[in-house]
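User: Please take a close look at the surroundings of the ligand. Then follow the helices involved.

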Amino acid sequence: MDDDSLRGWQLRSLFRIAERRDQLIGCLLLVMLSGCSVDQHDHPELTSGQQLFDFHCAPCHKKDGTGIFLKGVPPNRDTDLSVWEIIHKTEKGSGDNSKMPRFQSMPDEEAAKIAIYLKQLGSMKTPAK
Ligand code: HEC
């Protein structure tokens, strides 16, 4: 690798880290301000499971569902939960000890699209880093 491409690679890595950090801060801010995390559903432009997942879940679980270990967020792409269980967990939560927010205002259809997408994600190969 020559100097230029090395520098390019370093820059890209830095951007990626900064982007991830911004997403997380945004997520944390929302949690603090609204008390309901990213439980806002006034987003007609988001229609596919992937778009909805990227918006609601990726700030914590990352777009590829591998989680953010250092923030205590586990991967969810390989979850053993069924589609129905994921929908239930998303809307109703899973007990007081869970650090994952409940999306009480999420429409069922949206939760279903996300759950189906997440199961698809799990059946795909982990993308190369
Ligand atoms: C604020 C961060 C945060 C957001 C946003 C978030 N999660 Fe989570 N999620 C967690 C944490 C922390 C856990 C581990 C605790 C638990 O299982 O409840 C978790 C666990 C899970 C699990 C269980 C993983 C397993 O091992 O079976 C699933 C499934 C899941 N999340 C799906 C989702 C979906 C779908 C969304 C979007 C609608 C979402 N999460 C949004 C933090 C988050």
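Analyst: The shell around the ligand holds 26 residues, the closest being Cys57, Cys60, Thr79, Ser98 and Met100. Helices are DSSP runs of H or I, at least four residues, and strands are runs of E, at least two, numbered from the N terminus. By class, the shell has 14 nonpolar, 9 polar and 3 charged residues. Nonpolar covers Ala, Val, Leu, Ile, Met, Phe, Trp, Tyr, Cys and Pro; charged covers Asp, Glu, Lys and Arg; the others, Gly among them, are polar.

This is a predicted model: local features need pLDDT of at least 70, side-chain atom pairs need 80 or more, and totals for chains, interfaces and linings use all residues. Numbering starts from 1 along each chain as its sequence is written.

Now the helix pair. H4 and H5 pack at about 130 degrees, with axes 9 Å apart. Axes are lines fitted to C-alpha atoms over the stretch in contact, and angles run from 0 to 180 degrees between N-to-C directions. In H4, Val83, Ile86, Ile87, Thr90 and Glu91 meet residues of H5, including Ala111, Ile114 and Leu118. Contact means C-beta atoms, placed from the backbone, within 7 Å. The residues of this contact divide into 9 nonpolar, 1 polar and 2 charged.

Overall, the chain has 5 helices and 0 strands.

Note on methods
Near = placed C-beta within 6 Å. Contact = placed C-beta atoms within 7 Å.
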